[in-house]
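Student: I have a new structure to get to know. Can you walk me through it?

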Amino acid sequence: MIQIFLSYFLQKPHDYKVKERFFKMASKDYKYIENTNGSYYVDDSCIACMACTQIAPKHFIMNEDNYYAYVHCQPQNSAETISTQEALDTCPVNAIGDDGNSSK
Ligand code: SF4
């Protein structure tokens, strides 16, 4: 098992996207197209647990079929950023990302 792990990384030690997927970090390369432009996004590892939509319902909603969540409104002030960040921290599969480009 360790051999597989090491060979996986030694083959592509420079590939950040591979590491993102392996360690389950949210990746903007895999974010849903419904995400509104801005810092926060949900990527395709969402398991539709709805935790984020309960914690920050103003910012996260489920798609029509409830298969995944996405960001429909970026936080506009510090209070909203706190609730959005709480949703990010709570996500059980790290599907929520923050690329830090918003004006927090
Ligand atoms: S908390 Fe994470 S896994 Fe759950 S619905 Fe939100 S983005 Fe998806």
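Predicted model: local features only at pLDDT ≥ 70, side-chain atom pairs only at ≥ 80, totals over all residues.

Tutor: Start with one face of a helix. The face of α4 turned away from its buried side carries the exposed residues Ser78, Ala79 and Asp89. Residues are numbered from 1 along each chain as its sequence is written.

Student: Which residues of α4 are buried?

Tutor: Thr81, Thr84, Ala87 and Leu88. They cover an arc of only 120 degrees around the axis, so they sit on the same side of α4. That arc is taken from the directions from the helix axis to the C-beta atoms.

Student: Why would residues a few places apart point the same way?

Tutor: An α-helix has 3.6 residues a turn, so residues three or four places apart point the same way.

Student: What covers the buried residues of α4?

Tutor: The cover includes β1 (40–42), α3 (51–55), β2 (60–62) and β4 (96–98).

Student: New topic. How many helices and strands are in the protein chain?

Tutor: Four helices and four strands. From the N terminus on, they run α-α-β-α-β-β-α-β. Both kinds are DSSP runs, numbered from the N terminus: helices are H or I with at least four residues, strands are E with at least two.

Student: What about the core? Which residues have the most contacts inside it?

Tutor: Val42, Cys52, Ala87 and Ile96, in a largest nonpolar core of 16 residues. β1, β3 (69–71) and α4 each give two or more residues to this core. Such a core is a set of buried Ala, Val, Leu, Ile, Met, Phe, Trp, Tyr and Cys residues joined through C-beta atoms within 7 Å.

Student: Tell me about Ile96. Where is it?

Tutor: In strand β4. Ile96 is buried, with 29 other C-beta atoms within 10 Å. Leaving aside neighbours within four places in sequence, Ile96 is in contact (C-beta atoms, placed from the backbone, within 7 Å) with residues including Tyr40, Cys52 and Leu88.

Student: How far apart are Ile96 and Cys52?

Tutor: They are 44 residues apart in sequence and 8.9 Å apart in space, C-alpha to C-alpha.

Student: Last one. How many residues surround the ligand?

Tutor: 16 residues, counting those whose C-beta atom, placed from the backbone, lies within 6 Å of the ligand. Cys46, Cys49, Ala51, Cys52 and Cys91 are the closest.

Key
Buried ≥ 20, exposed ≤ 12 C-beta atoms within 10 Å, placed from the backbone. Contact = placed C-beta atoms within 7 Å.
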